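Dear colleague,

I am handing over the structure below, and my notes on it follow. Please read them alongside the coordinates.

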Amino acid sequence: MIKKFKQLAIATSVAAACFGAVLPSAQAAEEQFFMIPSYRVGPYGANGQAFYGGFIDYLSYVNMKGGIDGVQVTWEECETEYNNAKGVECYERMKSKAQKAPGPIHTMATGISYALVDKSAADKLPLAMMGYGLTSAVDGSVFPWAFPLVTTYQMQASAIIKFLKDKNNGSLEGKKIVFLYHDSAYGKEPILALEAEARLGKFELVQIPVAHPGNEQGSQWLRIRQEKPDYVIMWGWGVMNQTALKAAQKVGYPRDKMIGSWWAGSEEDTVPAGDAAKGYMSATWNVAGKGVPLIADIEKTVYGGGKGNLSDKSKLGTVLYNRGVSAAVLSVEALLTAQAKYGKGKAMNAEQVRWGLENLNITEARLRQIGATGLLPDVKTSCSNHEGSGKVKMQQWDGSKWVVLTDWIEGNKQLIHPLFQADAAKYAKEKGVTPRDCSKEK
Amino acid sequence: MIYRETGQFKTSYAADQQIFPIRQDRIGILLLLAVAFLVVPAVAGNYWFNAILIPFLIFSLAALGLNILTGYAGQLSLGSAAFMAVGAYAAYNFQVRIEGMPILLSFILAGLTAAGVGILFGLPSLRIKGFYLAVATLAAQFFIVWCLTKFPYLSNNSSSGVISVPNVEILGFTFDTPQSRYLLVLSIVAVLALLAKNMVRSTTGRAWMAVRDMDVAAEVIGIRLMRTKLLAFAVSSFYCGVAGALYAFCYLGSVEPDGFSLDLSFKILFMIIVGGVGSILGSFLGAAFILLLPIFLDIALPALSDLLGLPFGSATVSHIQLMVFGALIMFFLIVEPHGLARLWQIGKEKLRLWPFPH
């Protein structure tokens, strides 16, 4: 009986898997397919729910408004649990569907996007890494298919230093800054940039790693208490952030001297920390709240029409929700850019989408037009600059919501971009990639 | 009826001692290999190679490694993922730092490096046993991952600690299609599995089993405990190391130390528990079960909820998937505590008698 059951189970599983893999996608002619390797469970599930909720809501919104110049958007989700192997499996499962008319792929996971950089380049599918991922892909001559859009960790670190400099009358000389980071690819990316900034600005940088997942930080905060730094820059993710805030409160370190990265500055980080989070600052490349006309319109149109993706509507307008919307806005804008060149109202193929991403030019005027003023910075990409902006705002948690402190701050491009190019050149050498000549791209 | 060995007379010791003494088994395994080497590459698609077959083979190899240590030699270990990490990083370093290094040699050296590390962390096994040893191997898990993050040299000074592996090339042939990578992994796994099967039938394997069943008695009959246990650690880590190297080079293409977390060690341990402790076949069945079932549920559940018109969001589906997966593991463990390999054995017994139950 059991054996029969087992055989049956195996047979059905094989059959279903075959079926799922080879089933031809039921795409009509003018549809753009987004593969969405999302995560809604696991240690970072709460963050994924908000981000992908926003992402999908904007796609629904676009569809309800008549699509991308008439081209309807379709999508399919696959749960990655923020796990690299699962992410690769999802990518492989959905890529055949995306071959014809893909949307940019957003994994919102540095590890998964690392694993996909080579694969997507081989399969010729555009990979977007907005504010995460392989940052040396800013150099589009080596990475034609990967787009670390808007801004990168390095530029963000540089912008935070600039913000601190401005607070200290233009100089950080002799100051001590602790860099508290998630000990993973994500946390280590900005180290080189911070070291360069420290040499330039003559401040002392103390690096303190926190092991994944970061729910135990006693020794790190003991060290911080001994070091007595002027500022703590925190590169945390998920549960690590609230733990750090509570630990800071416990050792009596002032929260308004702590500045988080954009992945350490959402409601998911501050609300669980309670009053320990008050005064804490973070960088962000998109603002929170429903004050942005686009977010209010999404709430009215999509949720009013019963098509909303979030089961928990309180996440609407949070930092990560708005970031998901921003990511979708950029993807849709890239498709519009491509359509403007290759034919309006047509579904774009992978190469055309790639061109669109590489020639984005989202001005303030355009942002105002779609109601996204202030939601994200203006973005202008090119072959040699897949980042396109490098600007962040600083925000502070007032105990109940994030308050924006500054206008857009741009990192030190002259200092940071050569680091990317050096890294990309090393990558090209290791992998035997011949870089494109960007001056010949149009 | 189908599986009866009546009429198969063995006239020499060699015939009696071959790996598969029953003709049906021999034909079966040859058929299986023929299908794996000839039919599968011709019919399977990229998704099957990249997302199912290659990881299945790699994890089978890792489970095989752990099965040698835990299933045959009786030493519980929670460090398999760490030994995989050693293999992955060692292969990467050999490949990147030595000009013109053949990739297969890198894999072997990676295995040997992992074996060395395995011996080091196997030393406590001489004094402690059972769950206490598991805790000691846990140290390997944390130490190695820490070490790989701590020393930038090991990741060739990559700013993020993530290594991105070079192309796999043998004698000028680049393994860049999923199909060719599958064949490479399959060949390596087939050779190593054959080796393991023979090893556990040899003096070494019998010594391991003697130590597993009662180490004092084993010592009394003249088995040197230290050598036997450390050899088990070395061989097991070698298998895990090669699996790790393949994981990096033929599957993901880029790995970070965090990827080889305790979770992965547990996953490999579950593979051998579900598949069958102390069974070569069990390693493969367990890897298939643990890897493929979640993927199957992932594909089947949304389709099912669509079909039945249930209002499940993707988050709910993910949660249900975890619950169903856990429940199925419990179901199998209760129904057959000796794992899937035992089910297969019972099946063979039944087939032998079928259709006459007496």
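In chain A, 56% of the 442 residues are buried, where buried stands for 20 or more other C-beta atoms within 10 Å of a residue's own, with 12 or fewer counting as exposed, anything in between as partly exposed, and C-beta atoms placed from the backbone. Please bear in mind that this is a predicted model, in which local features need pLDDT of at least 70 and side-chain atom pairs count only at pLDDT 80 or more, whereas totals for chains, interfaces and linings use all residues. Residues are numbered from 1 along each chain as its sequence is written, and chains are lettered from A and ligands numbered from 1 in the order in which they are written.

Chain A contains 15 helices and 15 strands, these being DSSP runs numbered from the N terminus (H or I over at least four residues for helices, E over at least two for strands). Its radius of gyration is 22 Å, close to the 22 Å that the globule rule gives for 442 residues, so chain A is as compact as a globular protein of that length; the radius is taken over C-alpha atoms, and the rule is 2.2 Å times the number of residues to the power 0.38.

Chain B has 14 helices and four strands. With a radius of gyration of 21 Å, close to the 21 Å from the globule rule for 358 residues, chain B is likewise as compact as a globular protein of its length, and 47% of its 358 residues are buried.

Within chain B, the axes of helix 8 (residues 203–213) and helix 10 (residues 225–252) come within 10 Å and cross at roughly 105 degrees, the axes being lines fitted to C-alpha atoms over the stretch in contact and the angles running from 0 to 180 degrees between N-to-C directions. Helix 8 of chain B is therefore roughly perpendicular to helix 10 of chain B, a label that covers 65 to 115 degrees.

Turning to the interface, 40 residues of chain A are in contact with 35 residues of chain B, contact meaning that the C-beta atoms, placed from the backbone, lie within 7 Å. Several elements of chain A each supply at least two residues of the side that touches chain B, among them strand 2 (72–79) and helix 15 (413–431), while helix 1 of chain A gives the most, with nine residues. The residues of that side divide into 13 nonpolar, eleven polar and 16 charged, where Asp, Glu, Lys and Arg count as charged, Ala, Val, Leu, Ile, Met, Phe, Trp, Tyr, Cys and Pro as nonpolar, and the others, Gly among them, as polar.

With best regards

Conventions. Contact = placed C-beta atoms within 7 Å. Parallel < 35°, antiparallel > 145°, perpendicular 65-115°, else oblique.
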